[in-house]
Amino acid sequence: WAAPIKLDPNWNGGDYYGGKPPADGLKLALKIVTLHANHWEWAAKTFGNAPADAARDPAAAMDNQFRIETAIDAAAAAGFTAIEGRFPDGVSAADYRRAATRNNLKVLGINTPQGGEGEFGLGALPGRQDEWRAAFAQTLDYVAKVDGLAIHCLAGLVTPAQRREAEDVFVDNLKRAADEAAARNIRLYIEPINHRSVPNYFLYDLRFALNKNDTRARIALRKH
């Protein structure tokens, strides 16, 4: 969420005191925070892979757009300078990049896929490591093709009985993913989500992400 502030020219590496503050970046960051406060189903139900115009199938012609593409256009028209969001199922990286480029928008980040119906990511799910690796590889390739900066690694939903094993799985998955992303100059980030919004989401406590005493987590996240 701090990325838009740091992209603001007035950020000046954090040394903006006595000058103009990065107000535009702060405004954009607050908009992104507001967007992320919505449940993922809101984005899925709002966009999905629906065409912008029901009479103009995107598969029939390059000029026909998906709804998510017109949303990118609208974001630029509203004054946004950067965008991020869920994995755009059904929209090619070329189409996504084209929409961002024509509006001079930077792609800050894209989520890893959510998994199956009712799931919220695969990163910490025991027994699903192969699925996670395939999903992450797909996301990494997509983000690289759209010139994105980062990937949000969705942890997934786990039961209380799975938490200890899920922690090991999540850290191991992040360690591997961090190396792969660093090789392509792409960052990873994780985002705690409270259990009132998403019950049983693995990463609900900011302390796990910042725990300086957990060597394994520090190794996994140091390339963030």
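Author: A residue counts as buried at under 20% relative accessible area, exposed at over 50%, and partly exposed in between (1.4 Å probe, protein chains only). This is a predicted model, in which local features need pLDDT of at least 70 and side-chain atom pairs count only at pLDDT 80 or more, while totals for chains, interfaces and linings use all residues. Residues are numbered from 1 along each chain as its sequence is written, and side-chain values use heavy atoms, with hydrogens and water left out.

Reader: What is the relative accessible area of Asp147?

Author: Asp147 lies in the loop between α6 and β3 (150-152); helices (H or I, at least four residues) and strands (E, at least two) are DSSP runs, numbered from the N terminus. Although Asp147 is not a glycine, its phi is positive, at about 60°. Asp147 is partly exposed because its relative accessible area is 39%.

Reader: What is the phi of Asn200?

Author: Asn200 belongs to the loop between β4 (187-189) and α8 (206-210). Asn200 has 37% relative accessibility and therefore counts as partly exposed. Asn200 is a residue other than glycine, yet its phi is positive, near 70°.

Reader: Which residues is Tyr16 in contact with, leaving aside its neighbours within four places in sequence?

Author: Tyr16 is found in the loop between α1 (3-7) and α2 (23-36). With a relative accessible area of 24%, Tyr16 is partly exposed. Contact means heavy atoms within 4.5 Å. Leaving aside those sequence neighbours, the residues in contact with Tyr16 are Asn10, Trp11, Pro21 and Pro22.

Reader: Which residues have the most contacts inside the largest nonpolar core?

Author: A nonpolar core is a set of buried Ala, Val, Leu, Ile, Met, Phe, Trp, Tyr and Cys residues joined through side-chain atoms within 4.5 Å. The largest one has 41 residues, and those with the most contacts inside it are Tyr96 and Phe136.

Reader: How is α6 oriented relative to α7?

Author: Axes are lines fitted to C-alpha atoms, for helices over the stretch in contact, and angles run from 0 to 180 degrees between N-to-C directions. The axes of α6 and α7 are 11 Å apart, at an angle of about 30°. Angles under 35 degrees count as roughly parallel, over 145 as roughly antiparallel, 65 to 115 as roughly perpendicular and the rest as oblique. The orientation of α6 to α7 is therefore roughly parallel.
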